[in-house]
Amino acid sequence: MTDPVAAPAVVRLEGVTKTFPQGNVTALQDIDLAVAPREFVSLIGPSGCGKSTLLRVIGDLIEPTSGSLSVNGKPARKAREDGDYGIVFQDAVLFDWRTVAKNIALPLEMLGWERRRRKQRVAEMLELVELTGFADHHPWQLSGGMQQRVAIARALSFEPALLLMDEPFGALDEMTRERLNLELLSIWEQTGNTVVFVTHSISEAVFLSSRVVVMSPRPGRIAGTVDIDLPYPRTAQTRDAPRFFELVTEVRQLLRSRGEHLLPEEEAVLE
Amino acid sequence: MTPRLRLARVVEWLPALAVFVLVVGIWEGLVRALHVQQFLLPKPSTIVSVFWTQRHVLWPAGWYTFKEALGGFAIGSGAGVVAATIVGRFRRVGSALMPVFVAANAVPIIAFAPIFGAWFNPIEPQSKMAIAAVLCFLPVMLNTLRGLQSAKPGQLELMRSYAAGELETWRRVRVPTALPFLFTALKLASVLAMIGAIVGEYFGGALNALGVTINTASQVFQFSLAWAGILVAFLLGIALYAAVVTAERLVVRWSPPEPS
C-alpha cells in the first residue's frame, strides 16, 4: 500500500459527510480517504451505500455537507474547472448527434484545442481503445462495450491526472466486462492515471484494483480496506490464481460482516 | 445511395401506391356505375380535368393561400421556439405561463376565425396568417420545450464535469436534443397552417384566395370546382410537409434509419 502521508495524494477526503435534505438521508458519513498517484482504488458496497455519491463528491458534481476535500492538491471545484479529472458513467452518455471522433473530441473542443491537434489526439485515443476505423460511426451503430470504450477515450482525451468511473461496465454482459477489464488495465498502465472505480462486483474490484475500499450502507461509511497484492500486469490467468480467490473471499467477508452488523440498525431506522 | 437501395425504396413505396390507385379506381368506378349525382361526389377524372381547365383560377388562388399559410407557419413556429426557450430557461416564467398555455391548448382556435377577421381587415391576408400562426404556436412551443428539457441527466452532469457554462450546455446538449422534437412539431404545424389559412378564408378573404374559391363554388353548386380546389390545397399541404421532412433530414442527420 502506498503511504498516503508520504506521497502527495491525488484525492484526499477528511471527515466528508453528505446529507440529502429530502427525507434527511445521510448518504455519506465521516469519510476519510486518500488516494495516491497511480493508485487504482475501487469503491465497493451494496446499492445505496453512497459509493456513487462519494465519486460525485470527488468530481465536485455534488457538494459535501461537511468535511474537507482536495483533488490534485486543490479544492474540488478548482480541480473540476481545471479539467483535472475525466469521468465515465454506467451509461456511456455519448451524444447521438456526434460521431465517435467528435464525441471523443468534445472536451478538447471545449478546451479550445485547434482542429489539427484535436484530430491527432482523437486518432491516438481511438488506437488506445482499439476503435480505429470507427471514427465516423454514430453511437447507435456501436455495441454497448464499444460505446463504453468511446466514453473512456473521451474521458482520457485531455490527459486528466484522475479518472473517475461509476460502474462503467455494470450494464455489460460478463464476457464483454472481463475483456474490458483487461483493456482498462492496459490503458491504465500506458497512461499512468490515478483511478477511482465504483463497482458492485467483488471479482471486478479485486481483479482491477491496487486497493479495494469496502463501504457499508445507511449511512454510507468505509467498512474497511483490502490491499490487493496481486502483481501487475494482470492477465486472464490472474482470475485463476489462489491468491485472487483469497482476496475475493476477504472482500466478501468484509461486505457480509458489515451488512449483518448493520441490519438491526437499519431496522431501528425503519421503525 | 446505391442503385440497389434506390430500388428497395421504390419497392417499399409500391404497396402504398397500389392502395392509392385502387381507391381512386373504385371511386371512379362506383360513381359511374351508381350514377352518383355530380354535387354529391364528382368522379376523380372530373376533378382532375377541372383542376387543369380552371388552372388560371385555381393555381394562383392556391399560391395566394399558400403564402398566407407559410407566413403563419413561420410566425407561429418562430414564436413557439422563442417562447419555449424563455420558458425553458427561466423556471419562474415557466411556472407562471405553462398552465395558461396548456389551458389555451384546449381552446378550439378555429372558433376565433371570425374574430380575427374583425381584428384585421378581413380581405387582407393578415387575419388568415394570424389564425395559422396561432394554430402553429402551441404544438411547436410545447414540443420544443419538451425537447429542451429532455437532455439526459448524465449529459448535463458530464457538461458540469467539464465546467461548461450555461450557454455552452444549451448549445452542445439542450438544443441538439430538442431538434428532433422541434421537427415533429413543425410537421404537425405545416398541416395546421394550411388548415388555418383555408378555414380563415371561409369567413372572408380576397376573391382570388383558395378558401374563398372553394366556399363560393360550393354555394353555387360548382362542386367539381370545389373538389379541384381541395385537390390544390392537398397538393400544397403535401409540398409544405415534404419541405419540412427534407429540412429534418438535412439537419437531424444522426438518427438511425426510421423503422418504416
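These legends go with a set of close-up views of a predicted model.

The model is a prediction, so local features need pLDDT of at least 70 and side-chain atom pairs count only at pLDDT 80 or more, while totals for chains, interfaces and linings use all residues. Residues are numbered from 1 along each chain as its sequence is written, and chains are lettered from A and ligands numbered from 1 in the order in which they are written.

View 1. Helices here are DSSP runs of H or I with at least four residues, strands are E runs of at least two, and both are numbered from the N terminus. Along the principal axes, the C-alpha atoms of chain B fill a box of roughly 75 × 55 × 30 Å. Of the 260 residues in chain B, 35% are buried. Buried means 20 or more other C-beta atoms within 10 Å of a residue's own, exposed means 12 or fewer, and partly exposed is in between, with C-beta atoms placed from the backbone. Take the contacts in chain B between residues at least 6 apart in sequence: 77% of them join residues at least 24 apart. A contact is a pair of residues whose C-beta atoms, placed from the backbone, lie within 7 Å.

**View 2**

**View 3. Where chain B touches chain A.** Chain B puts 14 residues into the contact and chain A puts in 15 residues. On the chain B side, α7 (153-161) and α8 (166-202) each supply at least two residues. α7(B) gives the most, with six residues. By type, the chain B side divides into seven nonpolar, three polar and four charged residues. Ala, Val, Leu, Ile, Met, Phe, Trp, Tyr, Cys and Pro count as nonpolar, Asp, Glu, Lys and Arg as charged, and the others, Gly among them, as polar.

**View 4. The bend in α8(B).** α8(B) has 37 residues, but its end C-alpha atoms are only 47 Å apart, short of the 54 Å that a straight helix would reach at 1.5 Å a residue. The expected span is 1.5 Å times one less than the number of residues. At Arg174(B) the helix α8(B) bends by about 35 degrees, and Pro176(B), a proline, follows within four residues. That bend is the angle between axes fitted to the seven residues ending at a residue and the seven starting there. Just after α8(B) comes Gly204(B), with a positive phi of about 120 degrees.

View 5. In the loop between α7 and α8 of chain B sits Ala163(B), a residue other than glycine with a positive phi near 55 degrees. Ala163(B) has 16 other C-beta atoms within 10 Å, so it is partly exposed. Over in chain A, Glu130(A) isn't a glycine either, yet has a positive phi of about 55 degrees. Glu130(A) is in the loop between α4 (115-128) and α5 (144-156) of chain A, and counts as partly exposed because it has 14 C-beta neighbours inside 10 Å. The peptide bond from Tyr232(A) to Pro233(A) is cis, with omega near -5 degrees. Pro233(A) lies in the loop between β10 (221-227) and α8 (242-270) of chain A.

**View 6. An open sheet in chain A.** Four strands of chain A form an open sheet in the order β2-β1-β4-β5, with antiparallel pairing. β2 (25-35) and β5 (74-75) of chain A are at the edges with a single partner strand each, so one side of each has no neighbour in the sheet. Strands β1 (11-20) and β4 (66-71) of chain A pair in the antiparallel sense over five bridges. Strands pair if DSSP finds at least two bridges between them. Arg12(A) has Ser70(A) as its bridge partner in β4(A).

**View 7. The covered strand β3(A).** Strand β3 (40-44) of chain A is mostly covered, with five of its five residues buried. Phe40(A), Ser42(A) and Ile44(A) point one way from β3(A), while Val41(A) and Leu43(A) point the other way. β3(A) pairs in the parallel sense with β8 (194-199) of chain A over five bridges, and also in the parallel sense with β9 (211-216) of chain A over four bridges. Val41(A) has bridge partners Val196(A) in β8(A) and Arg211(A) in β9(A).
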